[in-house]
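I opened the notebook to go through cores, sheet and salt bridges in turn. My entries follow the structure below.

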Amino acid sequence: MNDEALRESTPADKLFDYVDIGDVTTGRISEDVESYSFGEAPSRARRLANPGDVIVSTVRTYLRAIAQVTEMEADRVFSTGFAVLRPIDGVTEPRFLAYALSSEQVMDEIVATSVGVGYPAIAGTALHRIKVPSHNLQTQRAIADYLDHETAGIDVMIGKLDQLADALKVRRRVVIQSALGSLFDGELVPLWKILFPVKDQNHPGEEILSVYRDHGVIPKSSRDDNFNRTPSDLSAYQLVRPTDVVINKMKAWQGSLGVSPHRGIVSPDYQVARITAEVEPNFLHLVLRSPLMIPQYRARSIGVRPAQWRLYWDDFADLRIPLPPAEVQRRITEELHEVTSNIDTMQIKLAELKALLTERRQALITEVVTGRKDVACAQPS
């Protein structure tokens, strides 16, 4: 485990692709990862891996980020948030190890063994002691061959669903940009004339809200993919009223902001602002989240690297947006709602289908690895 790492003496100009925890899903490492020079890379960009090694997330273990490293990925550098496990030659089939670690019983034990509330993690030594199903090398290879065949079809379908989802996101952006683009050629108004910052705290009984890049401001309880732990003391959380603007200062550059349709409370790390001018809230929501604005948030965010970027109020408030007459705002909002709601419905259906396929993949791996499904008798489908 963790046999190789970049040395601190590595030349500052050495370039590499960096794999972070969020780049691993469904047993695969994303092709779209950030590139850095050693001198500018995050301090956790240190782990090295060989083809056949298996990377396992030891932080935020609830994400279940596990994948086998291929020849194409061997030149990448991995976060120290991963443990790099190297199969012993002649004892362990690398593909079997990856499947065994991905099985429900092993993943459940990794998560259960993790410690910490907001950022659960498992120590490398504790991970190394976790037991996995044991088979001889011949059986391991038979299991790996069977699962390679069976999961390949599922992975192809998941990949096509991802492609469709990406195409819908592009379509949505194009539609919004087309409808709003010409407005930015006219008179623009600074946001400080429309909004003012508020920080109304000590409302612990209100519903907790979250800000999503893809969904805007929604109740945290409405999603099952928000793994941020809620503290027991909510007195510092800020009150949000319907039509308030909520900005995730850490992720505004990704589009995590919007006008809230809900009443509730949000993290004290967020920025809350209240509308003070005649503006249609739904129109403001569309404009603030439009592809024309998000690059400006990135340009004004402050920090050495993306993980440290913050968009502060003064830099946000000085941005300018179009503010046409109220009837124009309403017309544009209604027209865009009709189109984008259809796209959103299709995206929801794609996400539901992907979740079902992912669940089926996980169940199949568990059945075969644990021996509940005998591959010696099973015929590939």
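**Entry 1: exposure.** Buried means under 20% relative accessible area, exposed means over 50%, and partly exposed lies in between. I also noted that this is a predicted model.

I began with Asp-3. Is Asp-3 buried or exposed? Its relative accessibility is 54%, so Asp-3 counts as exposed. I then looked up Glu-4, which has a relative accessible area of 29% and is partly exposed. Arg-86 is partly exposed too, at 28% relative accessibility.

**Entry 2: the partners of Arg-86.** I checked what Arg-86 pairs with. It forms a salt bridge with Asp-3, with the closest N and O atoms 3.9 Å apart. This pair links distant parts of the chain. Arg-86 sits in the loop between β9 and α1, while Asp-3 is in the segment before β1 (15-19), 83 residues apart.

Arg-86 also forms a salt bridge with Glu-4, and here the closest N and O atoms are 3.1 Å apart. Glu-4 lies in the segment before β1 and Arg-86 in the loop between β9 and α1, so the pair ties together parts that are 82 residues apart in sequence.

**Entry 3: other salt bridges.** How many salt bridges does the count come to? I noted 17.

I picked out Arg-64 and Asp-108. Their side chains meet in a salt bridge at 2.9 Å, N to O. Arg-64 is in the loop between β6 and β7, and Asp-108 is in helix α2 (residues 104-113), so I logged a link between distant parts of the chain, 44 residues apart. Arg-64 has 35% relative accessibility and counts as partly exposed. Asp-108, at 40%, is partly exposed as well.

Entry 4: I turned to an open sheet of three strands. Its order is β7-β6-β9, and the pairing is antiparallel. Why is one side of β7 and of β9 left without a neighbour in the sheet? β7 (66-68) and β9 (82-85) stand at the edges, and each has a single partner strand, so one side of each has no neighbour there. Neighbouring strands are turned by 20° against each other on average, direction ignored.

I followed β6 (residues 54-57) next. It pairs with β9 in the antiparallel sense over four bridges. Val-54 stands opposite Leu-85 in β9. Helix α1 (residues 94-102) lies across β6, β7 and β9, and runs at about 170° to β7.

**Entry 5: the cores.** I looked up the largest nonpolar core. It has 33 residues, of which Leu-195, Leu-284, Tyr-297 and Phe-316 touch the most other members. Elements that give two or more residues to this core include α4 (137-180), β18 (271-275), α6 (294-300) and α8 (326-369). Which element gives the most to this core? It is α5, with five residues.

I listed the contacts of Tyr-297, not counting residues up to four places away in sequence. Tyr-297 touches Ala-252, Trp-253, Leu-257, Leu-288, Leu-311, Phe-316 and Leu-319. Apart from this core lies another, of 15 residues, among them Val-54, Ala-83, Leu-97 and Ala-98.

Methods:
Residues numbered from 1 in each chain as written. Predicted model: local features only at pLDDT ≥ 70, side-chain atom pairs only at ≥ 80, totals over all residues. Heavy atoms only, no water. Core = buried A, V, L, I, M, F, W, Y, C linked by side-chain atoms within 4.5 Å. Buried < 20%, exposed > 50% of the residue type's maximum accessible area, 1.4 Å probe, protein only. Contact = heavy atoms within 4.5 Å. Pairing = 2+ DSSP bridges. Axes fitted to C-alpha atoms, helices over the stretch in contact; angles between N-to-C directions. Salt bridge = Lys/Arg side-chain N within 4 Å of Asp/Glu carboxyl O.
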